[in-house]
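Please read them alongside the sequence and the model.

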Amino acid sequence: MGHVDPDRLDAIDQDILRALARDARATFAQIGSSVSLSAPAVKRRVDRLRERGVIRGFTVRLDPAALGWNTEAFVEIFCQGSTSPATMRTAVERYAEVVSASTVTGDVDLVVQVRARDMRHLEEVVERLAAEPFVARTRSTIVLSALVRRPDALPVTDAP
């Protein structure tokens with residue numbers, strides 16, 4: 001779908017996206033009443049946003065703690081030699097505990113966000129990550145309090 005120019009999203013599109021980010025199960029009529037459009041007009045706009053790739057899909061947000069995943073950490077991975085992002089992705093995608101993974105600038109090659117049931121489970125995950133063939137060493141930071149969490153669907157702001 002490619003990059004979408006955020007300037008091409010008008011205020012109504014942004015309001016619709018905010019409403020869907022709050023509750024993806026809201027009806028077109030409910031959204032329409034909050035953005036002063038008819039349900040069919042909201043549907044046309046949502047369809048257009050999906051076609052443009054602004055909306056990639058609808059999902060559910062789970063509470064990891066409610067599912068028993070109470071421990072979270074960011075694991076910095078230092079790779080030996082030259083390791084491609086594809087190799088890193090293939091390795092970390094296999095871990096159910098990996099929430100996100102990103103290549104980064106600086107000394108570290110890869111930062112992985114991990115959720116685990118407890119400290120012992122986290123330790124096992126870090127040990128498995130450290131044993132990957134391309135990993136020279138790891139450094140972990142345990143999350144004490146998650147202060148701000150924004151799901152993918154919320155980057156729409158009122159900022160110019």
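1. The largest nonpolar core has 19 residues, of which Ile77, Val112, Val114, Leu129 and Phe134 touch the most other members. A nonpolar core here is a set of buried Ala, Val, Leu, Ile, Met, Phe, Trp, Tyr and Cys residues joined through side-chain atoms within 4.5 Å. At least two residues of this core come from each of β1 (71–79), α4 (85–93), β3 (110–116) and α5. Another core, of 12 residues, lies apart from it and includes Leu9, Ile16, Ala19 and Ala26.

2. The model is predicted: local features need pLDDT of at least 70 and side-chain atom pairs count only at pLDDT 80 or more, while totals for chains, interfaces and linings use all residues. Residues are numbered from 1 along each chain as its sequence is written, and side-chain values use heavy atoms, with hydrogens and water left out.

3. The chain contains 5 helices and 4 strands, in the order α-α-α-β-α-β-β-α-β along the sequence. Helices (H or I, at least four residues) and strands (E, at least two) are DSSP runs, numbered from the N terminus. Of the 160 residues, 32% count as buried; buried means under 20% relative accessible area, exposed over 50%, and partly exposed in between (1.4 Å probe, protein chains only). The chain exposes about 10,600 Å², with carbon and sulfur atoms supplying 51% of that area; accessible areas come from the Shrake-Rupley method with a 1.4 Å probe, and for residues only the protein chains shown count as cover.

4. Leaving out residues up to four places away in sequence, Val112 touches Ala73, Phe74, Val75, Ile77, Val92, Val98, Ser100 and Ala101, where contact means heavy atoms within 4.5 Å. Val111, also found in strand β3, is partly exposed, with a relative accessible area of 23%. Val111 and Ala101 are 10 residues apart in sequence, and their C-alpha atoms are 5.7 Å apart in space.

5. The axes of helix α2 (residues 28–35) and helix α3 (residues 39–51) come within 8 Å and cross at roughly 100°, so α2 is roughly perpendicular to α3. Axes are lines fitted to C-alpha atoms, for helices over the stretch in contact, and angles run from 0 to 180 degrees between N-to-C directions. Angles of 65 to 115 degrees count as roughly perpendicular, under 35 as roughly parallel, over 145 as roughly antiparallel and the rest as oblique. Phe28, Ala29, Ile31, Gly32 and Val35 of α2 make the contact with Ala39, Val42, Lys43 and Val46 of α3.

6. Helix α1 (residues 11–22) also meets α3: their axes come within 11 Å and cross at roughly 85°, and the two helices are therefore roughly perpendicular to each other. Ile12, Asp13, Ile16, Leu17 and Leu20 in α1 face Val42, Arg45, Val46 and Leu49 in α3 across the contact.

7. Ser36, in the loop between α2 and α3, has a phi near 60°, a positive value in a residue other than glycine. Most residues other than glycine have a negative phi. Ser36 is exposed, with a relative accessible area of 68%.

8. Is His121 buried or exposed? His121 is buried, with a relative accessible area of 4%, and lies in helix α5 (residues 119–130). Beyond its neighbours within four places in sequence, His121 is in contact with Trp69, Glu97 and Ala116.
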